[in-house]
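Open the model in your viewer and follow along. Each stop tells you what to select next and what is there.

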Amino acid sequence: MKTILTAALLAVALPAGAAELRFATTSDPTTLDPNAGNSAPVFSLLINVYEGLVRRDRDMKLEPSLATAWEPIGAGEGWRFTLREGVTFHGGQDFTAEDVIFSYERGSAPESDTSSWFAGVERVEAVDDYTVEFYTTEPNPIFPDSIANWMMLDKGWAEENDAALPSIEQGNFATLNTNGTGPYMVTERQPGLKTTLVAFDGWWDDDIGNVTEAVYQPVQNSATAVAALLSGELDLIEPVPIQDAARIEQSDGVDVIRGIEARVIMLGFPHDAENLIAGGEEGNPFKDVRVRQAVAHAINIPAILQTVMRGSAEQATQLIGPGLRGYSENIAPGTYDPDLARQLLAEAGYPDGFAFSLKCTNDRYLNDEAVCTAINAMLAQVGLKPLYESMPVANYWTTLRAEDHDMYLLGWSPGTFDAEHPLRFLVATPNEETKMGSWNFGGFSNARIDELMPMIQSEIDEPKRQAMLDEANRIMADEQAYVPLYIQPLVWGVKEGVEVVQRPDNFLVLRWMNVPE
Amino acid sequence: MLAYIIRRVFQSVIVLLAVGLVAFSMFRFVGDPIENLLGQERTVQDVERLREALGLNDPFAVQYARFLGRAVTGDFGISYRQSRPVSQIIAERAPATLELAFVSGVLALTVGIGLGVFTAIRRDGWAANIIMSVSLIGVSLPTFLIGILLIYLFGVQLRWLPTFGRGDVVDLGWWTTGFLTSSGLKSLILPSITLGLFQMTLIMRLVRSEMLEVLRQDYIRFARARGLSAKSVNFRHALKNTMVPVITVTGLQLGAIIAFAIITETVFQWPGVGLLFINAVQFVDIPVMAAYLMLISVMFVMINLLVDILYVWVDPRLRIDGRHT
Amino acid sequence: MSNLPDATRQGVEPLDRMEPAEVVQPSRWRSIWDADVTWSFRHSPVAVVAAVVTLAMILSAIFAPWIATTNPFDPASLNLMNGFSRPGVPNAFTGESFWLGTDDQGRDVWSTILYGLRISLFVGFMAVLFALVLGVLLGLLAGYVGGWVETIIMRVADVQLTFPSILVALLIFGVARGVIPIEYRDQMAIWVLIVAIGLSDWVQFARVVRGATLVEKNKEYVQAARLIGRKPGAIMLKHILPNVLSPVLVIATISLALAIIAEATLSFLGVGAPPTQPSLGTLIRIGQDFLFSGEWWILFFPALTLLALALSVNLLGDWLRDALNPRLR
């Protein structure tokens, strides 16, 4: 922990107009190594420290970062990136093509948690110090989108410190120390307690607010975090429990900033199960599309949004939210119609409903347990007999992977911000070799979508690609592969006057923040 | 006596080994650490590689043997969540818990003894009766709720005290302390009340009943009859004689305070080993859970051993009987 | 000592130290309820009030289906749009009115408390029963048989003390998932709670009973029973057990209060009663989310109920201990 002495020295050292930001989220990043953890908490913090070739602007559009330009090579053989000159790492080293090649080798190594980004990359070549070419086995139109979180490390620094490869299981120098090119440097790292970031004077860009020092602390209990914001001990908390937003808005000196996250919350079905795990009956009623549609019509999503989510979330029509690349405009939101639900159940041969299990998390998504409790009641109201069980996320994925579920709740945030992402992970038929469908717990399988997948992945022509995505999304909606519920809201609490930019990936981008002085 | 101690130490080692075995046989039921360690874009190959690297494919007995082999050298492995040595993490977190436990213990002891003596002396007074009843409120509500209510009242409404964390701490090299800064001291107040409330009630009631008993004994009556002042009788004679059981129970409770500060630390985001343990459970951080349980067992076993030895030493009957407790 | 977190660890007084040999003379255990105790009860207004409150709560729980205005455990009867109705104020959407308000799911708080009381008391009673039976049997065995049996039992008790109940609950939950048939798993949570709390609680029963048994077994009446050839099992159950019952009764009473609170604590950690059948603890855990947002009634009424229940049971235990302890009369 920081001593008072250094605190005093730092306070003296800060230039005029300097501002400190104290912020908290619920979970501390597991590592500071950009290749050892592929999760939102890790990238949310590291995006302030490390930079990629490309980055996302305030509206999630790609923009140049360490690469000033990029273009396809030939007819989809790969991508060529022109690097920015004059960029230095926090440690003073120059950023060149050598570092890109090194970062590629590091990020795509089997030891890395980010290797799937480079699955289709055949080889990478440095044409000169400031030009790098990526050759892919298939044309890959979204390659630049998929590497927005791929961060550049300095080759010399990593090798000197025995951190040439990431280590998830042992940890190494890069777990606790950073050397990026980004706007902030990590000056202090105490895992689980406190992380201090200080503005980097030598940053190449000037799109930066007035935060010169940012102190991050994880606060797990959201009621505690709200109390700390209200009492002035914190300047920014994320997330604010939805129910507390109104109270914070009314309080003096604090504000709530709302946005929409890229995460879609949905219900899954046991498509490929022979029998349901609950009820003890033979057969699987969910194989009948009418039963799945009945479930969709039984759920009063507007009511859930109105009460449980306090009006701060939007209904989802598909597995991604509007505004993301590949979103299909032609799909209407599901409608609440309990009579139709009962009728569909009767037509499918279940006029008296049937028993099935409904699994949910109780510590993963905003108000997940309350949403499921409400869904449980709504399903019961059309005559179904859900056996609802909620559990901590530590048990949840294991339960789903063990096929110990019928219906289940799932949230998905597309890492590439593209409609292809959820199709690949949640909709394509599970296949270990093609690495598709790895989160398709229900085993949904549609031949046409499987046929479309490789075509979508390699189509360079935007309208053609969109047409295929529209078709796939259409099939998903008609087949009721999932019940898309809503898009998770972003609710941040800030001290009055703190200006922030909320991006749908829910990253805390310090350089877009301004703190009242 | 020496034979007794050796036998007990031997039994204690067996207990420790048993704790480890039970723990390791059951960790896989807590969840799968791989789910937390790898991101959503992981592949089956990634999962297999990591599983192998962490030794999770081995039978639990092998994992346990490996853990034991390293633990005897003081190496508790690498935390899954933090990717650094568990012993280092625990060393960092221990001061926070120990300071909190110390303040809670002192609070429980002083207030508990004070109120216990008062309620014993004024056995039938209205104030004593009120204190007796009101003190039960502290043990009739769940700790987390007491903590949240205290935060709400003193942190949010009145804004007198910090709502979370340890405040500024001073690093003494091998120990970090919150005792030397005003924010550190302020931060200690609410959590230590929350944590110490239960023990306070316990000690108060214990002192009261011991006092009541001692006050009825002949030598106290005799002291009174001799004309000694009430103050002298109450404190020099009566209270002194209640101290042995109070010290014993406090000793046992100190272990309990440290071991079970989990809830208080979670509510107040207190950076101690209890919070570390809860995080480890949520993350299925097996090395941290194992080390924590081992340390807690060592502590309990040692305290139990000391108390038992103390009993044998204090109560000669047990020695004559040769009965081992 | 039990090993529940914080406020749920131990009887309010260290009952290990009560020496039942001096408390009750070796005689029929019915004599516990002699005139002295009844007299003491009648002359302790606190005890009378506590007993009345406790009894009222137990009766409310038993007759909940008749007292409650709705059945909050029947999901088909709920209307989400009734959610967050203020006490006594008609809901803005549905116009319905609830005298203690509704929670986030539109459940009538009054009815939910009554049904929650049922779950809490059931979990509490069953957990204490489990701990009592286990603890008394092991304690008798350890005290009477002695030797390595005693060593093993008491060292197992040490191991038990090491495991925080949250971990015990998670572990039992995991094991139960693997063992219990799927059809029964929706009821599993309650039993997991009972076993987890009971397991954390048996040690104190075992310790007290063992201590008492050590003293009792050398008494003349036990020696006599042994001489006339009674079997050890019979001696333990018929002769020793009645004489150690009064401290057991006191511990059981206080454990009941602690078990009910322990259930609430486990709920806070995410392993409590299921949200579709909330106990008082689950209601408090849900309600604390609405403390800052101004929907105070969702927390306040269940917390008040829990406080009244636990306080009454604690006061009864308090009185019982004093009443059964002749040294304090």
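This is a predicted model: local features need pLDDT of at least 70, side-chain atom pairs count only at pLDDT 80 or more; totals for chains, interfaces and linings use all residues.

**Stop one: a hairpin in chain A**

Residues are numbered from 1 along each chain as its sequence is written, with chains lettered from A and ligands numbered from 1 in the order in which they are written.

Now show strand β4 (residues 67-73) and strand β5 (residues 78-83) of chain A; they run antiparallel, joined by six bridges. Strands here are DSSP runs of E, at least two residues, and helices are runs of H or I, at least four, numbered from the N terminus. Two strands pair if DSSP finds at least two bridges between them. Four residues lie between the strands of this hairpin, and G74(A) takes a positive phi near 55 degrees.

Pick F81(A): its bridge partner in β7(A) is V132(A).

**Stop two: a helix in chain B**

Select helix α4 (residues 60-71) of chain B, which has twelve residues. Which residues of α4(B) are buried? They include Q63(B), Y64(B) and F67(B). Buried means 20 or more other C-beta atoms within 10 Å of a residue's own, exposed means 12 or fewer, and partly exposed is in between, with C-beta atoms placed from the backbone. On the other side of α4(B), find A61(B), V62(B) and G69(B), which are exposed.

How values were computed. The expected span of a helix is 1.5 Å times one less than its number of residues.
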